Amino acid sequence: QPPFLMRTLPFFYSYNESIRQYSMNKRVSFVQTPQHFTEDTVAPVLDYLASKNSIFFQAIQKGRDGFKSCAFAGTNAVFRVGALYAIGGMPYGSVTEDALAGRYLHKAGYRSVYAEEV
C-alpha cells in the first residue's frame, strides 16, 4: 500500500500527453480520504454505525466525487494552501467548519477529489 502522500498528492497535478509534462492543477483545492475506525481506536460507547461511516464514505463521497465536489470531512484530507488563503482560511466559529470550508471552496470555483483507496 503506497504511503498516504504518494497516494493523495498526484491529484494536484495534471499530465499533458502532447508535451509529456506534469503541471499543477490549481483547480483542485483538497483531496479527502475516508475515515475508518476499529473497536480499539474509539471509546467504548454505544455505536450503532460501528464507527465506519460506510454510507457516507463509500456511497455519498464516491457520488460527490463524480461531480468534483466531495465534502471535506474534518480530517484525513490534504489541502492546497493557496485555495485556503483564497477563501480567507478555515472558517472558525461554526460547529461544522469542515463542511463550511468545503462549501466555500466549491463556491469559489475549486474542485475536490475523493481518494477512497488510501
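Me: If "buried" means under 20% relative accessible area, "exposed" over 50% and "partly exposed" in between (1.4 Å probe, protein chains only), what percentage of the 118 residues count as buried?
Reply: Of the 118 residues of the protein, 30% count as buried. This is a predicted model, in which local features need pLDDT of at least 70 and side-chain atom pairs count only at pLDDT 80 or more, while totals for chains, interfaces and linings use all residues. Residues are numbered from 1 along each chain as its sequence is written, and side-chain values use heavy atoms, leaving out hydrogens and water.

Me: How many helices and strands are there in the protein?
Reply: The protein has 4 helices and 5 strands. Both are DSSP runs numbered from the N terminus: helices are H or I, at least four residues, and strands are E, at least two. Along the sequence, the pattern reads α-β-β-β-α-β-α-α-β.

Me: Which strands form the open sheet, and in what order?
Reply: The order is S4-S3-S5, an open sheet of 3 strands with mixed pairing. Strand S4 (77-79) and strand S5 (111-114) are the edge strands, each pairing on one side only.

Me: In what sense do S3 and S5 pair, and over how many bridges?
Reply: Strand S3 (residues 28-32) pairs with S5 in the parallel sense, over 4 bridges; two strands count as paired if DSSP finds at least two bridges between them. Val-28 has Arg-111 as its bridge partner in S5, and Phe-30 has Ser-112.

Me: And how many bridges join S3 to S4?
Reply: S3 and S4 run antiparallel and are joined by 3 bridges. Across that pairing, Val-31 stands opposite Val-78 in S4.

Me: How many residues of S3 are buried?
Reply: 5 of the 5 residues of S3 are buried, so the strand is largely enclosed by the rest of the structure.

Me: Which helix lies across S3 and S5?
Reply: Helix H2 (residues 54-65) lies across those two strands. Helix H4 (residues 97-107) also packs on the sheet, where it touches S3, S4 and S5.

Me: A closer look at single residues, please. Where is the place of Ser-29, and is Ser-29 buried or exposed?
Reply: Ser-29 belongs to strand S3. The residue is buried, with a relative accessible area of 0%. Not counting residues up to four places away in sequence, Ser-29 touches Phe-12, Val-78, Phe-79, Arg-80, Ala-83, Leu-105, Tyr-110, Arg-111 and Ser-112. Touching, or contact, means heavy atoms within 4.5 Å.

Me: What about Ser-112, and in which strand does Ser-112 lie?
Reply: Ser-112 lies in strand S5 and is buried, with a relative accessible area of 0%. Among the residues that Ser-112 touches, leaving aside those up to four places away in sequence, are Ser-29, Phe-30, Asp-65, Cys-70 and His-106.

Me: Changing topic: which residues make up the largest nonpolar core?
Reply: There are 12 residues in this core: Phe-30, Phe-57, Cys-70, Phe-72, Ala-73, Ala-83, Leu-84, Ile-87, Ala-101, Leu-105, Tyr-110 and Tyr-114. A nonpolar core is a set of buried Ala, Val, Leu, Ile, Met, Phe, Trp, Tyr and Cys residues joined through side-chain atoms within 4.5 Å.

Me: What does Ala-73 touch, not counting residues up to four places away in sequence?
Reply: With that exclusion, the residues touched by Ala-73 are Gln-32, Gln-35, Phe-56, Phe-57 and Asp-98.

Me: Back to Phe-12: where is its place?
Reply: Phe-12 sits in the loop between helix H1 (4-8) and S1. The residue is buried, with a relative accessible area of 6%. Its contacts beyond four places in sequence include Ser-23, Met-24, Val-28, Ser-29, Val-31 and Val-78. Phe-12 and Lys-26 are 14 residues apart in sequence, and their C-alpha atoms are 7.0 Å apart in space.

Me: In what sense do S1 and S2 pair?
Reply: Strand S1 (residues 13-16) and strand S2 (residues 21-24) pair in the antiparallel sense over 4 bridges. Tyr-15 has Tyr-22 as its bridge partner in S2. The hairpin of S1 and S2 has 4 residues between the strands, and Arg-20 takes a positive phi near 50° there.

Me: Last one: among contacts between residues at least 6 apart in sequence, what percentage join residues at least 24 apart?
Reply: Among those contacts in the protein, 66% join residues at least 24 apart.

Definitions and conventions: Axes fitted to C-alpha atoms, helices over the stretch in contact; angles between N-to-C directions.
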